[in-house]
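Subject: Structure handover

Dear colleague,

I am passing on the structure below, and after it I set out what was found. Please read the notes with the structure open beside them.

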Amino acid sequence: LFRQIMLMVVPIFVLLFSGNFALTVLESRAYLKTQMQAHAQDTATSLGLSMTTALSEADNANLELLTSAVFDRGYYSDITLTDINNNVLIKRGNSLQVDGTPRWFVDLLKLPNPQGRAEITQGWQQLGVLTVRAHPGNAYRDLWRITVNFSYLFIAIVILSYGLLRFVIGFVMEPLRAVEAQADEICERQFAIVDTVPKTRELRRVVNAMNRMSKKLKKLFESQVELTEKLRIEAREDALTGLNNRKEFDSIVDTFLSTEHESGSSVLMLLQIRDFARINDKLGYAAADQPLSTRVSPRDQ
């Protein structure tokens, strides 16, 4: 029963965990996507404003310095600055490398690379366009951390549920072990009664049914024993006098004669009451049975 319940509970836990995990990951993925989009746009806007003077003066060294200061933080996959003719002035980028996160996890989720775009202008004159693309590495690490924590939580819940369920089932099924012992005792003709009745309705019915069966079997067995003893006595004794009847007497004689004795002799005496039939005829069978009905103890026999 315990194994069957665990086989039902564990898949339910797995299903709940999978559903909760999927919802959490999807919500976290959408939230991180929004955050990366906002972060990329804010960076593009602020960096574009910082580049306005350097771009108007064609100060490439200052542009490189501003770009490197932002890009080296590691939050962006590429930063591209183009002029109004779409010519690339500055481009910094790196490949997607996520440290501390399995590759299969990265391939499974496939987070987007949101980008922010800002037009660099001076007065009414457009000088260029700055594009900043966010790097999803931190997002992958956050999602992987959530997955690991969920896995640990799932394992802890399964272990705790296993121990708690084993304790509860052992406590609930204790009366069934008593019923099992009761059935074994019934097989040995010992009709015990289970005193501890469980509170669970189904188990209480089983225990009460076994107790009723034990009581009925005990009464039936006792009546059979009484009947057997009665038949044994009727087969060996005379109903009126309580002495051994002719069948028992013949059996004793046969046993005695078939047994080899080393020495000694035996005497068989047959006594008969003379004219006893006249008493039956004269006084009736009831009066004649009166002196014969006096019981003789086995020692006197």
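Which pattern does the protein follow when it is read along the sequence? In this predicted model, the order along the sequence is α-α-β-β-α-β-β-α-α-α-α-α-α, which comes to nine helices and four strands. The radius of gyration of the protein is 52 Å, well over the 19 Å that the globule rule gives for 301 residues, so the protein is more spread out than a compact globule. The C-alpha trace, taken along its principal axes, spans about 165 × 45 × 25 Å.

As for burial and surface, 26% of the 301 residues count as buried, and the accessible surface of the protein comes to about 21,800 Å², with 57% of it belonging to carbon and sulfur atoms.

D78 is buried, having a relative accessible area of 15%, whereas R133 is partly exposed, with a value of 28%.

Another salt bridge is formed by R145 and D142, whose side chains meet at 2.9 Å, N to O. Both residues sit in helix α4 (residues 137-172), and because they are three residues apart there, they are separated by about one helical turn. R145 is partly exposed, with a relative accessible area of 46%, and D142 is also partly exposed, with a relative accessible area of 25%.

There is also a salt bridge between E119 and R117, in which the closest N and O atoms are 3.8 Å apart. E119 counts as partly exposed at 47% relative accessibility, and R117 is likewise partly exposed, its relative accessible area being 48%.

How values were computed. Residues are numbered from 1 along each chain as its sequence is written. This is a predicted model: local features need pLDDT of at least 70, side-chain atom pairs count only at pLDDT 80 or more; totals for chains, interfaces and linings use all residues. Side-chain values use heavy atoms; hydrogens and water are left out. Helices (H or I, at least four residues) and strands (E, at least two) are DSSP runs, numbered from the N terminus. The radius of gyration is taken over C-alpha atoms; the globule rule is 2.2 Å times the number of residues to the power 0.38. Buried means under 20% relative accessible area, exposed over 50%, partly exposed in between (1.4 Å probe, protein chains only). Accessible areas come from the Shrake-Rupley method with a 1.4 Å probe; for residues, only the protein chains shown count as cover. A salt bridge is a side-chain nitrogen of Lys or Arg within 4 Å of a carboxyl oxygen of Asp or Glu.
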